[in-house]
Structures are given as structure tokens and as C-alpha cells.
Amino acid sequence: MDAAQLWQRYQDWLYYHDGLGIYVDVSRIPFDDALVTTLQPKFQQAFAELKALEGGAIANPDEGRMVGHYWLRAPELAPNGEFRNEIIKTVDKIEAFAADIHSGTIHPPNAAKFTDIISIGIGGSALGPQFVSQALAPLEAPLNLYFIDNADPAGIDRTLDELRGRLATTLVLTISKSGGTPEARNGMLEVKQRFTAQGLNFAQHAVAITGYESALDKIAHTDGWITTFPMHDWVGGRTSELSAVGLVPAALQGINIREMLAGAKEMDSATRVPDLKANPAALLALAWYAAGEGRGKKDMVVLPYKDSLMLFSRYLQQLVMESLGKEKDLDGNVVHQGIAVYGNKGSTDQHAYVQQLREGIPNFFMTFVEVLKDRQGPSLELEPGVTSGDYLTGFLLGTQQALYENQRGSITVTLPEVTAKTVGALIALYERTVTLYASLIHVNAYHQPGVEAGKKAASANLALQKQVMQVLQNTDAPVTLQTLAEKAGAQDRTETVYRIVRHLNANIQGLSLKGDLKRPASLQVLLK
């Protein structure tokens with residue numbers, strides 16, 4: 001395709017939203033009119049299915065749940081008055097709570113105000129708030145925000161050590177829908193222990209964001225925590241950023257949550273249009289389908305050309321991969337669907353990725369995220385008529401051109417600037433794209449059996465560890481790994497027993513491994 005043809009294709013397929021100032025360009029993804037014609041019936045079905053979801057259809061038959069994150073920014077669309085009132089009351093409560101924290105009306109026992117926040121959560125309960133915090137938190141935020149988003153003890157210690165001198169003025173958010181998510185529960189218990197060790201009453205610093213009547217909700221009420229906010233049953237973790245999960249930490253940091261919701265609502269409206277070229281989410285879904293032949297054959301590399309959007313690719317990893325990575329389709333056929341997502345930021349990662357992306361394995365398509373406004377205020381001219389922002393745009397355009405010249409496809413999403421409204425719109429755009437694409441490939445975007453399988457396996461391993469310790473506590477002489485596995489009732493899981501014992505040996509004083517560490521079968525175990 002020559003330059004004139006590409007320019008015409010760009011104009012033919014460019015989407016622009018007047019109210020949000022957002023562009024979506026899919027012209028550099030190779031698809032033809034025949035594919036568009038073939039997909040039109042699927043798109044019409046996808047539009048109808050999305051409309052049904054918003055109307056309250058059961059979208060997750062595994063759990064009998066509706067999917068209603070759309071209602072969070074348009075409560076008038078919720079299927080009943082109870083949901084509508086709950087959404088409205090929750091946002092009002094979040095704003096009032098943040099105002100009371102900022103003013104000192106709600107304060108720690110021995111100080112005028114809270115100074116810091118620890119947010120404890122996993123997956124969508126961490127990735128969305130982290131992305132939004134980095135994108136939008138003001139330099140002089142009312143409170144500093146820290147995250148405990150993993151079960152790594154050293155990572156937990158590092159975060160708590162950073163706050164050692166300010167723990168007495170630290171607010172703690174624990175986020176878990178069921179209240180039984182091990183990572184969130186464990187993090188909460190670790191943090192509570194540190195508070196107790198410093199003579200602080202944890203309950204006077206604690207807030208729960210959880211489901212009604214969950215285990216965490218009951219703890220919060222029994223122990224007298226400051227307050228609780230609801231995690232609605234009809235909002236999944238990866239689409240929870242515009243629920244209390246994301247809005248509470250955002251509001252506490254001084255981010256305008258009403259503007260985030262308004263941007264998402266406006267984008268939702270744009271993506272309801274049942275016309276491919278007039279619907280930005282449909283255009284992205286078309287591009288994803290064309291790039292990977294509807295089978296996820298190519299990875300999506302995400303490069304936002306703005307430091308504040310650096311975590312966007314991590315946020316998208318969960319949203320896209322957990323939603324679309326499915327073994328079976330809706331009819332029970334084995335399809336092994338999904339799109340792998342990775343990335344970081346431009347132009348930094350031009351130096352890390354682009355050599356391979358341009359000349360190596362053509363197993364990807366690129367998503368550039370462009371921001372038109374460089375900074376608040378004027379920019380220095382580094383040379384006559386050229387600023388740092390001009391260089392950044394030049395790097396983006398140059399990388400896009402270099403990839404295209406070597407038949408590497410790309411999408412470009414352009415924001416006018418990074419604001420609460422445009423970030424809200426960006427979140428909604430990709431939530432809606434995932435929904436439409438899932439319809440095109442006929443998978444359920446709203447369940448995650450693979451994640452549940454991993455949780456069950458982890459529980460089984462912890463149960464086995466207890467069995468192993470029980471055997472060792474009742475054994476006076478060293479035992480081989482095979483004997484240990486047999487006595488623990490896991491004779492077919494000797495490798496797992498070995499790895500459990502190896503970990504315990506590094507952490508439990510008195511547990512020893514004797515023998516050749518290069519030959520696990522030779523090892524004997526003793527607990528003194």
C-alpha cells in the first residue's frame with residue numbers, strides 16, 4: 001500500500017469522539033472488506049448480547065451472576081431500584097468519607113489527620129487502583145498510597161518498614177469480595193500484627209471493601225473498624241476499578257471520581273452504537289480479531305507514550321487475559337482462546353522491544369497510546385522549534401512507521417490529555433472491547449475457571465504441608481523423602497513434598513535436610 005492509499009485508509013477508518021477528544025486508529029491492522037462483511041452478523045449479535053448484559057441478563061452461568069459494572073457510571077440503567085440506590089449511596093458515601101479523612105473529622109486516635117494509606121488487595125483489587133493512582137494522583141496528594149498486593153513476606157515487610165514512623169497515622173484498606181481471598185486476608189493479618197506490635201489499635205485504622213455478610217464484613221463489624229464499603233456481587237474484580245474498589249483509594253488521594261465516572265459513562269454511550277465504524281470498542285475488537293485471525297495468534301504489545309500511563313499494560317493484562325483466556329467456548333468446545341498482553345511505556349521500551357518487534361518473530365500487534373498534551377505550562381525549546389514533547393511524538397511516529405514498513409500491524413489510541421475523565425473513558429473503552437471481542441469468539445468473558453483451579457491446588461498443597469509437619473513432629477529419626485511422602489498420604493507427590501520441605505528448611509529453625517542437594521532422592525529430613 002503506497003502513502004496515498006494508506007492516508008485514505010487512515011481517513012476511512014479513523015474514529016473520533018467529539019466530547020472526549022479521543023481518537024482510535026485501526027488503519028495499520030491488515031484487514032479487508034471481505035473480513036468486515038463476514039464479521040458483520042457476529043457484530044450485530046455482539047451488540048445485542050451487550051445490550052442484554054446491561055439489561056441484567058445472567059452473564060456468568062457458573063455462578064448465576066449478572067454483570068453490571070456498566071451501571072456503576074449510569075445507575076439509571078440498573079435493572080432495579082435497589083441496585084440504583086446502592087450505587088448512588090456508595091459514591092456519595094465515598095465522597096463524604098474522603099472529605100472527612102481530608103478534614104480530620106475522621107482521624108487516628110492520637111493525631112489530627114491520617115497521612116498515609118495501605119491498600120491490601122490482589123488482582124483487580126490492586127491493578128486498577130495502582131494504574132489510576134500513578135496516572136492521576138496529584139503531586140501533593142492528601143495521603144500517600146502504598147500497596148500490599150502479593151503474599152511475599154519480604155515485600156510486606158518492606159512496605160511496612162517504609163511506614164514505620166508513620167504507622168500511627170496510616171489508614172488501612174482491605175479489599176476482598178469474599179473476605180476469604182488468602183492473599184488479602186494474609187496481608188491484613190500481617191499488617192494488623194505490625195500495628196499491634198507498635199501498641200496501636202488496628203480497628204481504629206481499618207476500612208473494609210467487601211461483599212455484604214462476607215467473612216471480612218463480619219470481622220469489620222465485630223471488631224469495630226472505621227467503616228465498610230460494598231463490593232457488589234455483580235462486579236468482577238477485573239472490572240471493579242470504578243466501584244468502591246478503585247473509587248475509595250482514588251478519592252482519598254484527591255482524584256475527581258465523578259469525572260472518572262462521567263468519562264466512562266460517555267464512552268459507554270459511544271460503544272452502544274450498533275455500527276462498526278461509529279463504535280470505538282467495535283473497531284478495537286475488529287482489529288484484535290484481524291490481527292490474531294480470531295484465535296489470538298498474535299500478542300498485544302501495549303506502549304503508552306506517557307509516564308503516567310506506564311501501568312496501563314499491567315492493568316490490561318488482567319482485563320484481557322483473564323477475560324479471554326479460555327479453554328472452552330460457550331458450547332463446550334475446546335478452543336484455547338486468548339490474547340497475551342505485555343508492554344511498558346514509550347519511548348523507553350523502543351530500546352527494549354523494537355529491534356525484535358521490527359525484525360524478529362512477527363507474533364504480535366502493537367497498541368500505541370498517544371497523549372497530545374505534553375505538560376501543564378510551556379515547554380523548553382531544546383533546539384529551534386522543537387521540545388521534549390515533539391521528540392516523544394517523533395519517536396512514536398517513527399516506531400509506528402518502522403513497524404509498518406516491515407508488515408507489523410499497529411493500533412493507535414489517542415487521548416487529548418491524561419485527566420480523570422479520559423482515564424475513566426479509557427477504562428470503559430477496553431472493558432467494552434473485551435465484551436464485544438468475547439462475543440465474536442464465542443467465549444464467556446466473565447468467569448475464570450483456570451484461576452479457581454490454581455486456588456484449589458494451592459489449598460491442597462497447604463493441606464499437604466500440614467500433613468508433612470505432623471509426620472515430622474512425630475518422627476524421632478531422619479526419614480527419606482519417599483517415606484515422608486508415604487506417611488503423609490502423598491506417595492504419588494514426592495516432588496511436591498520435597499519442594500515443601502526445601503522451603504520449610506529455609507524458614508523453620510530445627511528442620512534439616514541431610515544428603516546430596518543435587519540428588520533429592522538421597523535426602524533425609526529431620527525436625528529437631
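**Active-site annotation, pockets and cavities**

Let's start with the record. In an unreviewed UniProt entry, the annotation "active site" covers E322, H351 and K455. UniProt positions are given here in the numbering used for this chain, feature names are shortened, and annotations may be inferred rather than shown by experiment. The three residues spread over 134 residues of sequence, and in space they lie up to 37.4 Å apart between C-alpha atoms.

Some ground rules. This is a predicted model, where local features need pLDDT of at least 70, side-chain atom pairs count only at pLDDT 80 or more, and totals for chains, interfaces and linings use all residues. Residues are numbered from 1 along each chain as its sequence is written, and side-chain values use heavy atoms, with hydrogens and water left out.

Now E322. It lies in helix α11, residues 312–324. Helices (H or I, at least four residues) and strands (E, at least two) are DSSP runs, numbered from the N terminus. Is E322 buried or exposed? E322 is buried, because its relative accessible area is 17%. The cut-offs: buried is under 20% relative accessible area, exposed is over 50%, and partly exposed is in between, with a 1.4 Å probe and protein chains only.

What does E322 touch, leaving aside neighbours within four places in sequence? Its contacts are R238, Q317, H447, Q448 and V451. Contact means heavy atoms within 4.5 Å. With R238 there is also a side-chain polar contact of 3.2 Å. A polar contact is a pair of N or O atoms within 3.5 Å; within protein, one must be able to donate a hydrogen and the other to accept it, and residues adjacent in sequence count only if both atoms are side-chain atoms.

On to H351. This one sits in helix α12, residues 350–359. H351 is exposed, because its relative accessible area is 74%.

Next, the open spaces. On a 1 Å grid over the protein atoms alone, a pocket is an open set of points with protein on both sides within 12 Å along at least five of seven lines; a cavity is a set where a 1.4 Å probe fits but cannot get out; lining residues have an atom within 4 Å of a point. Grid points are joined across faces, edges and corners, and a volume is the space filled by probe spheres set on the points.

The largest pocket has a volume of about 930 Å³. Its lining has 38 residues, and G237, E322, Q448, E452 and K455 lie nearest the centre. Among the elements supplying at least two lining residues are α11 and α15. By class, the lining has 13 nonpolar, 13 polar and twelve charged residues. For the classes, Ala, Val, Leu, Ile, Met, Phe, Trp, Tyr, Cys and Pro are nonpolar, Asp, Glu, Lys and Arg are charged, and the others, Gly among them, are polar.

The second largest pocket holds about 780 Å³. It is lined by 20 residues, with A151, P182, N186, A458 and L462 nearest its centre. Helix α15 gives the largest share, seven residues.

A457 is in α15 too, residues 449–473. A457 is partly exposed, because its relative accessible area is 39%.

Last, the cavities. How many of 30 Å³ or more does the whole structure have? Four.
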